[in-house]
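The sequence and structure are shown first.

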Amino acid sequence: MDPSRKRAIRLTVALTAALLLASALVYTSFSAGRDELTASQLLHQAVPGKSYILAGTVISQQRDGSALLFRVRDPKLHVSVPVRYTGIIPDPFAVGRGVLVTVQKQGSDTQFVGEQDSLTTKCPSKYQAAAGSKY
Amino acid sequence: MALVGRALLILGLGVSVYGIGASLYGALQGGQRWVDSGRRAVYALAGVMTLAFVILEAAFLRSDFSFNVVAGHSSTTTPTFYKATAAWSSQEGSLLLWVWLLSLWSSLILFLTRRKVREIAPYATAVLLGFATFFGSLTAFFANPFATTANPPSEGAGLNPLLRHASMMFHPPMLYSGYTLLAIPFAFAIGALITRRLNSEWIQVTRRFALAAWLFLGIGILLGARWSYTELGWGGYWAWDPVENAALMPWLCCTAFIHSIMIQEKRGMLKVWNASLILASGTLAVLGTFLVRSGILDSIHAFGASTLGVPFVILLGVMVTGSVALIIWRRADLRSDSQLDSLLSREAVFLFQNLVLVGMTFVIFWVTFFPLISEALTGTKVSVGPPAFRPFIVPLALVLVLLSGVGPLIAWRRVTAANLRRSFAFPVAAGLVALVVLLLVGGVSKRPFALAMFCLGTFVIASVGQELWRGVRARRAMTRDPVPRAFLQLIRRNRRRYGGYIVHAGLAVLLIGVAASSSFQHSHDVVLRPGQQAVVDGYRITYVRPIARATAEKISFGAVLDVAKGGRHVQTLTTTRGFYPAQDPTLGVVGRFFNGEEESQVGLRAGLTKDIWTVISPDLTPIQPLINQGDQVFLKAMSAAAALPPAQARAQITNLFAARDAAIGALADRWVRHPWAAEFLLIVSPLVTWIWLGAIVIAIGGLIALWPVPVLARRRATSAYAARLARELA
């Protein structure tokens with residue numbers, strides 16, 4: 001076979017494979033993903049009984065026996081929501097860290113209840129600035 | 001001393017800017033003296049940055065809390081080892097570490113190449129000093145490690161308890177060495193593209209640095225994984241966290257590069273690809289630093305509020321556009337000298353392996369950034385976790401392992417049927433035997449990806465073993481050395497090749513460990529009282545007795561666990577959870593101990609076949625009323641003390657702190673004397689130890705490949721080659 005034709009075929013196969021991979025990746029990203037809500041979005045959208053992923057920064061925490069009470073703040077607006085959580089608390093959990101937690105609104109209560117063991121904390125990288133600093 | 005440190009940062013910045021000017025002027029005007037002066041500027045920068053880093057280290061060791069960074073990340077009670085390493089636990093200190101390491105590695109390469117690549121070196125010097133200027137500016141103007149306070153506190157905040165782990169202390173210098181070492185081939189590639197010196201010369205002088213970058217990055221990643229496993233209290237070693245991915249992406253790209261440069265060196269092919277790969281690796285190294293610095297991982301909005309985000313975006317923009325423009329500009333000079341002869345050849349395998357590695361990098365890049373992309377497009381962040389990675393990374397990893405076994409067996413240029421039979425018979429048979437045995441064992445067949453990884457891993461180990469054995473046999477035929485000596489001589493004489501093979505075997509061992517531990521893990525979350533037990537994967541784990549310890553630094557509650565199997569004692573494990581007081585003064589005196597950082601001490605029995613991993617999560621409900629009561633009592637007492645004259649108030653507060661320590665001790669005592677139920681996470685994972693063993697094998701292989709060939713051996717090889725060439729010409 002003509003070498004240039006051979007190269008063209010190889011390029012077409014490679015590009016097709018890359019395109020298929022990219023399409024599958026985009027599709028999987030959307031289908032496997034769930035919306036993360038900020039505190040302000042949660043306050044506006046939450047209806048009782050439905051679960052949501054809340055994302056934000058922990059601004060305060062308090063132990064209440066087996067439960068952990070903490071507030072998660074919207075990074076954009078100065079709005080925060082209280083969460084009552086029971087279950088395994090990841091070691092990196094602390095004030096100033098980014099967290100994801102699946103929560104539900106219960107009745108007309110303003111406090112959200114975290115689903116058991118749904119709390120994940122972003123890696124406590126040593127390179128991050130101290131909580132409250134400008135970086 | 002802080003003033004001296006700040007002056008050194010400014011001096012370093014001045015030296016860097018001068019060095020860029022001198023190097024470029026020398027390169028453009030052909031003035032060797034200016035080029036030499038530019039190179040010496042790099043040496044000077046290394047000296048200046050070393051002094052600056054020594055000053056910062058001394059401040060940490062002296063607990064000089066007038067330095068903001070020391071007050072924020074160390075304390076008088078911090079052990080000396082952690083004081084010394086706390087310097088890079090801060091943003092400011094780690095940026096200084098970046099510049100310091102960059103200056104050291106740059107000095108080393110420029111010293112080694114002072115009589116080589118004369119056309120490329122000045123441009124490479126300018127690029128390296130450009131990085132130094134960027135990071136030097138960040139430390140001098142945005143994140144100054146020598147910032148001080150007029151009223152230093154009497155005690156520092158201390159090092160984050162989670163970071164008090166030996167592997168975490170070496171993790172940042174390893175990663176930063178990797179990142180800064182990647183800047184070197186990046187800079188020389190830029191120099192080669194500018195000067196059109198695009199043969200393999202720039203690759204030969206920087207290859208060892210790319211390999212060192214790969215090794216350091218790999219060690220850094222594994223140290224981070226080990227820390228996650230033994231310190232973070234969730235029982236895993238990899239979470240696809242963006243911070244982890246930030247280091248993995250340049251490592252994957254660099255792995256592709258150190259393979260594909262062999263094709264350019266041997267066949268003069270893939271010049272565009274190699275230049276693109278190293279430019280991408282260098283850019284990803286900066287992206288890695290950017291990801292953990294800018295706040296962009298939290299949200300696009302957090303990025304907007306970050307001081308470091310915009311400078312990083314500008315740098316990355318310059319790197320990407322500059323790299324793409326240079327490659328397009330020099331595309332005519334980057335044409336391959338030869339073509340791929342066959343898809344059944346070592347160069348084709350390397351190419352496929354490169355595509356797999358780049359594919360993995362792209363997947364990780366996309367999924368890591370997808371929440372931000374979705375937020376930018378739709379205004380709502382989409383959460384994607386490990387499930388989004390697995391459908392792509394697992395099959396790609398399988399193909400990668402297969403190719404890492406095929407690569408050492410297949411010949412360059414074109415393979416024959418006889419060659420295939422001779423090389424593949426034993427490794428393929430080994431893989432098939434593994435398949436049959438595993439199918440007979442039962443249970444494994446339900447996990448097809450794990451089964452495939454076990455078989456392919458066996459194939460790789462067999463192929464590497466076969467190649468080593470053939471080499472030893474050939475060597476013995478020549479020298480009649482005993483097997484161990486022949487083995488050592490074989491590796492010593494071809495370190496790059498056999499070091500690489502050992503790395504492949506280590507990778508197979510590591511990925512077998514990953515496949516086994518992720519597919520066959522048994523995890524139980526149970527609540528136990530002393531005397532109660534739980535059974536996990538056949539192991540009977542009994543909560544024997546509670547333990548507790550209270551100090552001014554922390555209070556920890558723990559448990560002694562007995563592990564038994566089949567009625568036989570296996571191991572006694574101890575796990576604790578430490579509560580460090582919060583710094584928030586609005587919290588109660590006692591309550592703040594339970595509202596600060598928490599840290600788990602894992603009870604771990606690591607074995608060659610199974611790890612038993614335990615962690616405790618104490619329920620504080622029974623002591624919550626006591627904590628609240630204590631807070632109220634101390635609040636009243638503190639208020640009363642504040643109303644006293646200053647001298648009496650100080651004495652009273654000292655007494656109150658002693659009473660607080662006694663109260664904390666009483667809480668610890670209560671946990672031991674009147675124990676209540678606690679929650680435990682109990683995990684039994686197979687072959688986790690293989691991951692660490694595989695990593696050690698990879699590191700050994702990497703070191704062998706990296707180790708310089710002795711001068712005498714190199715001369716011998718060169719003279720033997722010259723003699724053979726002369727004979728052939730004659």
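Helices (H or I, at least four residues) and strands (E, at least two) are DSSP runs, numbered from the N terminus. On that basis, chain A follows the pattern α-β-α-β-β-β-β-β-β along its sequence, which comes to two helices and seven strands. The model is predicted: local features need pLDDT of at least 70, side-chain atom pairs count only at pLDDT 80 or more, and totals for chains, interfaces and linings use all residues. Residues are numbered from 1 along each chain as its sequence is written, while chains are lettered from A and ligands numbered from 1 in the order in which they are written.

Of the 135 residues in chain A, 39% are buried (20 or more other C-beta atoms within 10 Å of a residue's own, C-beta atoms being placed from the backbone).

In chain B, four strands form an open antiparallel sheet in the order S2-S10-S9-S8; two strands pair if DSSP finds at least two bridges between them. Strands S2 and S8 of chain B stand at the edges with a single partner strand each, so one side of each is left without a neighbour in the sheet. Strands S9 and S10 of chain B pair over nine bridges in the antiparallel sense, and B:Asp611 stands opposite B:Ser685 in S10(B).

| Domain of chain B | Residues |
|---|---|
| domain 1 | residues 1-164 |
| domain 2 | residues 166-366 |
| domain 3 | residues 522-688 |

Taken over C-alpha atoms, the centres of domain 2 and domain 3 of chain B are separated by 43 Å.

Terms used:
Buried ≥ 20, exposed ≤ 12 C-beta atoms within 10 Å, placed from the backbone. Domains from an automatic or database assignment.
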